[in-house]
Amino acid sequence: MNPFLFVTDLDNTLVGDDAAMMELSHQLEQHRRRYGTQIVYSTGRSLALYRQLNAEKGLLTPDVLIAGVGTEVYYNGSDTPDPIWSEKLSYGWNRDEVVACAAHFADLTPQPDTEQRPFKVSYFLTTEAAVEVLPQLEKLLGDRHLDTQLIYSGSQDLDILPRQANKGRAMTFVQQNLGIAPTRTVACGDSGNDIALFANREEYGIIVGNAMAELLEWHRANPNPNRYLAKANCAGGILEGLQHFGFL
Ligand code: GLC
Ligand code: MG
């Protein structure tokens with residue numbers, strides 16, 4: 001067996017079926033000890049909300065935590081995000097102006113303060129309102145030369161991020177730091193903010209059986225033999241996919 005880079009989303013991907021998560025965590029921990037496999041969590045949550053989930057669920061300790069939809073990278077339980085990644089995201093990013101643009105839209109309800117981060121501005125937005133608001137907001141940001149990207153997930157969350165930041169770009173940054181090839185990497189997800197883990201990428205991908213419509217629609221429109229749509233939900237689907245690709 002060879003080491004690999006295991007990258008997974010948390011909510012409704014790794015977390016959601018406690019028994020399956022225990023089994024998967026056990027197998028991953030053994031693989032890490034025996035072969036040096038590296039475990040990366042990539043979540044939309046801030047570090048504060050990650051810690052809350054960890055306290056509730058007792059997650060296996062990752063080697064790297066990517067928080068805030070790819071905007072913050074933490075190694076080995078550190079409290080301080082990698083400053084090199086932060087520096088990369090700061091070019092052309094003007095957070096105050098992004099917030100000012102978003103303030104024009106009454107349908108955007110700010111998320112809690114913990115989820116407002118240096119390189120992430122987050123709102124709640126209904127699917128009905130999203131149809132009109134997303135293109136208008138995108139246009140306004142573009143007119144003001146703000147180089148951003150909009151990521152809509154779970155039919156309710158809107159994240160505005162610097163163009164260079166998303167879960168996929170952060171995965172590349174971590175791969176380079178750890179010296180692990182895309183072809184030895186597998187990424188797992190369930191919702192819209194995970195599309196960046198799968199779009200135009202060489203990594204293996206696992207979509208769990210309970211994935212949201214936004215990700216399933218994208219998957220069907222962009223087929224790729226290196227991407228596996230599991231039958232089982234959450235961690236059970238991850239185990240199924242890892243076995244399918246021969247990682248476990
Ligand atoms: C998590 C974060 C939230 C974000 C969402 C989707 O729920 O807490 O801020 O909008 O993921 O990325
Ligand atoms: Mg999720």
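# Worked exercises on a predicted model

In this predicted model, K120 forms a salt bridge with D159, and the closest N and O atoms of the two are 4.0 Å apart.

**Exercise 1.** Work out which parts of the chain the pair K120 and D159 ties together, and whether the two residues are buried or exposed.

*Solution.* Begin with the places of the two residues: K120 lies in the loop between β5 (109-110) and β6 (121-124), whereas D159 belongs to strand β8 (residues 157-162), so the pair ties together parts that are 39 residues apart in sequence. Then turn to accessibility, where K120 is found to be buried, and D159 is buried too.

**Exercise 2.** Describe the salt bridge between D194 and K167, giving its N to O distance and the places of both residues.

*Solution.* The side chains of D194 and K167 meet in a salt bridge with an N to O distance of 2.7 Å. This pair links distant parts of the chain, since D194 sits in the loop between β9 and α7 while K167 is in helix α6 (residues 167-178), 27 residues apart. D194 has a relative accessibility of 0% and therefore counts as buried, and K167, with a relative accessible area of 0%, is buried as well.

**Exercise 3.** Find where R32 and E29 lie, and name the network of salt bridges in which they take part.

*Solution.* Both R32 and E29 lie in helix α1, three residues apart, which is about one turn of the helix. Their side chains meet in a salt bridge at 2.8 Å, N to O, and both residues are buried.

**Exercise 4.** Decide whether S86 is buried or exposed, and list its contacts.

*Solution.* S86 is placed in helix α3 (residues 83-90). Its relative accessible area is 19%, and because buried means under 20%, S86 is buried. The side chain of S86 reaches the backbone oxygen of D82 at 3.2 Å, and, not counting residues up to four places away in sequence, S86 touches P81 and F119.

Definitions and conventions
Residues are numbered from 1 along each chain as its sequence is written. Chains are lettered from A and ligands numbered from 1 in the order in which they are written. This is a predicted model: local features need pLDDT of at least 70, side-chain atom pairs count only at pLDDT 80 or more; totals for chains, interfaces and linings use all residues. Side-chain values use heavy atoms; hydrogens and water are left out. Helices (H or I, at least four residues) and strands (E, at least two) are DSSP runs, numbered from the N terminus. Buried means under 20% relative accessible area, exposed over 50%, partly exposed in between (1.4 Å probe, protein chains only). A polar contact is a pair of N or O atoms within 3.5 Å; within protein, one must be able to donate a hydrogen and the other to accept it, and residues adjacent in sequence count only if both atoms are side-chain atoms. Contact means heavy atoms within 4.5 Å.
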